[in-house]
Amino acid sequence: MTGVLKLTTLFLLATLVAVSAYLAGFGVNYFLARQAPAQSGATAVPPKFPLMWEAWRLLKDEFYGDIPQAPALVHGMIRGMLQSLGDSHTILVEAQPAALEQNNLQGSYGGIGAKVEVRNGAIVLLPFPNGPAARQGVLANDLLIKIDEKELTPEMTTEDVEVRLRGDIGSNILLTLHRVGESKPIVVTIKREKIDIPSVQYRLLDNTNYAYIQVTLESGDTAKQFQDALNSLKKNNLTGVVLDLRNNPGGIFPDPVLEIAGQFLPGDSPVVLERYRDGSEKTYKSKGSQLAKDLALVILVNGGTASDAEILAGALQDSGRGVLIGEKTFGKGSVQALHPLSDKAVLHVTVATWYT
């Protein structure tokens with residue numbers, strides 16, 4: 001595994017940890033809102049909804065402290081409403097982390113090719129080897145002071161910085177850096193390039209004909225990466241596969257899961273059943289090219305194996321195709337539709353439950 005791959009993998013995992021604090025194993029179906037059967041019963045405005053405005057007027061007229069600006073206040077109201085549902089997966093994701101989430105699920109983004117860390121309250125850059133930032137002279141542990149003309153502030157999170165560093169491929173960004181040992185700030189202009197996020201890592205286990213394949217996320221490019229990995233590994237007279245789904249929080253559904261399952265299962269094998277609130281059901285079936293249908297298989301799982309990764313592990317176990325090794329998985333068992341709101345925040349809504 002190259003240094004680029006290792007650093008990029010670390011970047012992906014860091015981003016996932018930051019986002020998963022509130023996503024908790026998100027397993028989304030981007031197109032479910034269009035694909036799911038129509039739900040019965042129109043949603044009317046509750047008859048006591050004016051109570052909210054009554055409470056708001058009292059706060060506005062009498063609250064002693066400062067009242068938050070409209071976006072924060074409205075998001076607070078939404079979160080209160082969601083909390084009353086008792087579903088930890090129906091959540092509101094703010095605009096910036098939602099943008100990062102979308103980039104990660106797409107499998108690539110326009111950026112400078114650097115990992116962002118917070119150390120002692122300062123933002124540190126760790127450029128990927130041969131990436132745009134590294135080629136422009138950015139060194140590991142350079143402190144980021146400004147992005148374009150905007151100074152960084154102590155309250156900025158890594159997500160805030162990541163969103164500002166990302167942008168359209170081919171666009172320029174101006175960074176002001178502080179480097180240990182240099183008395184003056186360093187200013188560099190970097191052209192954003194396409195940065196791919198690998199979601200599949202693989203290697204041949206030493207002195208064996210067995211392969212190790214790790215899937216860290218189901219993104220838009222995961223199925224192709226998985227097939228490429230199998231094609232490369234099968235040149236070594238492959239006997240079996242160790243499939244590592246530990247700490248995989250899921251991602252886009254259904255295509256990556258169905259295509260990966262289809263590498264091991266016969267065509268049109270049942271993978272997962274979704275049940276909607278009106279009682280209707282939909283069965284998803286495998287559709288991969290069966291490159292590994294005759295290979296021995298074990299699947300590694302743990303408590304961080306969630307959503308799409310759980311679906312894949314469950315399908316391979318229930319079919320008798322592979323053996324699970326590890327710990328009890330996350331246990332999410334539900335599907336979320338993503339609804340972008342007018343302020344670019346995204347509402348995750350649980351719309352179905354799934355069953356192996």
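**Reading local features in a predicted model**

Me: Where does P254 lie?

Reply: P254 sits in the loop between β12 (240–244) and α9 (255–264). Keep in mind that this model is predicted.

Me: Is the peptide bond that joins F253 and P254 cis or trans?

Reply: Start with the general idea: most peptide bonds are trans. Here, the bond between F253 and P254 is cis, with omega of about 15°.

Me: How do I read phi? Is it positive or negative at D148?

Reply: In general, most residues other than glycine have a negative phi. D148 is not a glycine, yet its phi is positive, about 55°. D148 belongs to the loop between β5 (142–147) and β6 (150–151). D148 is partly exposed, because its relative accessibility is 35%, between the cut-offs of 20% and 50%.

Me: And what is phi of N237?

Reply: Near 55°, again a positive value in a residue other than glycine. N237 lies in the loop between α8 (222–233) and β12. N237 counts as exposed, because its relative accessibility is 60% and the cut-off is over 50%.

Me: Now helices. Which residues of α4 are buried?

Reply: Buried means under 20% relative accessible area. In α4, H75, I78 and L82 are buried. They cover an arc of only 60° around the axis, so they fall on the same side of α4. These buried residues pack against β1 (91–93) and β18 (346–355).

Me: How many residues has α4, and what does it reach from its first C-alpha to its last?

Reply: Helix α4 (residues 70–83) has 14 residues and reaches 20 Å, close to the 20 Å expected at 1.5 Å a residue.

Me: Which residues form a nonpolar patch on the surface?

Reply: V45, F49 and W53, with about 320 Å² of accessible area together. W53 is placed in helix α3 (residues 50–62). W53 is partly exposed, at a relative accessible area of 43%.

Definitions and conventions
Residues numbered from 1 in each chain as written. Predicted model: local features only at pLDDT ≥ 70, side-chain atom pairs only at ≥ 80, totals over all residues. Heavy atoms only, no water. Patch = residues over 30% accessible without salt bridge, like charges linked within 9 Å, V, L, I, M, F, W, Y side chains within 5 Å. Areas by Shrake-Rupley, 256 points an atom, 1.4 Å probe, with all protein chains shown as cover. Salt bridge = Lys/Arg side-chain N within 4 Å of Asp/Glu carboxyl O. Helix = DSSP H or I, 4+ residues; strand = E, 2+ residues; numbered from the N terminus. Buried < 20%, exposed > 50% of the residue type's maximum accessible area, 1.4 Å probe, protein only. Expected span 1.5 Å × (residues − 1). Arc of directions from axis to C-beta. Contact = heavy atoms within 4.5 Å.
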